[in-house]
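Here are a few notes to read with the model open beside you.

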Amino acid sequence: MDTLINKVYELGNNNYCIKEADSTSCYLLVGKEKALLFDTAYGYEDIRPIIQQITDLPLVVVNSHGDPDHALGNYWFDEVFIHELDLGKLFQNDNPDIKKKAIDYRLNKKPELQGAIDEPSYLASTIKHVNYRFVREGDVFDLGQKSLEVIHLPGHSYGCIALLDQDNGDLFSGDMVTKHNIWYFLTNDEQAPFNMAYAAYDKLLRRKDEIGDIYPAHGPFPIQSDIITQLKKALADIKVNHQQDELFESFVGNGYKHYYKDTLIIYSKERLQEFIEED
Ligand SMILES: [Zn+2]
Ligand SMILES: [Zn+2]
């Protein structure tokens, strides 16, 4: 099933990870009546043939948030669910400039992908034809013997959501809970204040007993729920221990790297300043 661009991992419990370019993990969750695809990555190629090899059930597509590495692949689908707070951001990300920078960055990291991406047609693609439907906190996707509850986790993005499997506690956590780095250095209208992220982690921790294995959109999977506590503590730690944090440079801007145990949060000085001033 693997292609040069996408690798498929079987997770058990009829769940699969489709990982694009060693970077974004999209999750295909198969119930008895429907299947759900959580995130569509950059969409460097059509992953529908991969999905069709796994299941022929009707497919529901959901975005964890509106960042380009999770949602530009919506291009390949007719209807996608997203939190309404991230739709504007997704439309902003739908431009050839961002796509070109992302491809160049990826090819630089993975030269073996050279030629695998149809660059002209990718740059000309758009996600605007898709029919968008909104998800809210507490919504449940019933796939038949697999029910996934939407948990709204504003922070890294205002419209971040996670999906919780109500039967076995699998948590598909997008970019909010991960051992990979989490970006908080984009503009303040794209990303929520740290106090909102802090509250989001608190909300998850109140439900810790229901949470089993965690499947993030980047980095290793599964991970365990102690990472949520670490992320909450990491935010508190930035407030007091940021003096030695070093610069991080990327194709969309720069931030500062704060390491805390297994976590790495990359933030802007503005975001930190506003967090400090709340006291
Ligand atoms: Zn993101
Ligand atoms: Zn991401």
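1. Two strands pair if DSSP finds at least two bridges between them. Helices (H or I, at least four residues) and strands (E, at least two) are DSSP runs, numbered from the N terminus. This is a predicted model, in which local features need pLDDT of at least 70, side-chain atom pairs count only at pLDDT 80 or more, and totals for chains, interfaces and linings use all residues. Residues are numbered from 1 along each chain as its sequence is written, while chains are lettered from A and ligands numbered from 1 in the order in which they are written.

2. Have a look at the open sheet, where five strands run in the order β8-β9-β10-β11-β13 with mixed pairing. Its edges are β8 (140-142) and β13 (214-216), each pairing on one side only. Inside the sheet order, β10 (residues 161-165) and β11 (residues 171-174) are antiparallel and share two bridges. Leu163 stands opposite Phe172 of β11.

3. Next comes α4, whose buried residues (20 or more other C-beta atoms within 10 Å of their own, C-beta atoms being placed from the backbone) are Lys99, Ala102 and Arg106. They line one face of the helix, because seen down the axis of α4 they fall within an arc of 65° (taken from the directions from the helix axis to the C-beta atoms). The face turned away carries Pro96, Asp97, Asp104 and Asn108, which are exposed (12 or fewer such atoms; partly exposed lies in between).

4. Finally, Asp94 sits in the loop between α3 (87-93) and α4 (96-109). Asp94 is partly exposed, with 19 other C-beta atoms within 10 Å.
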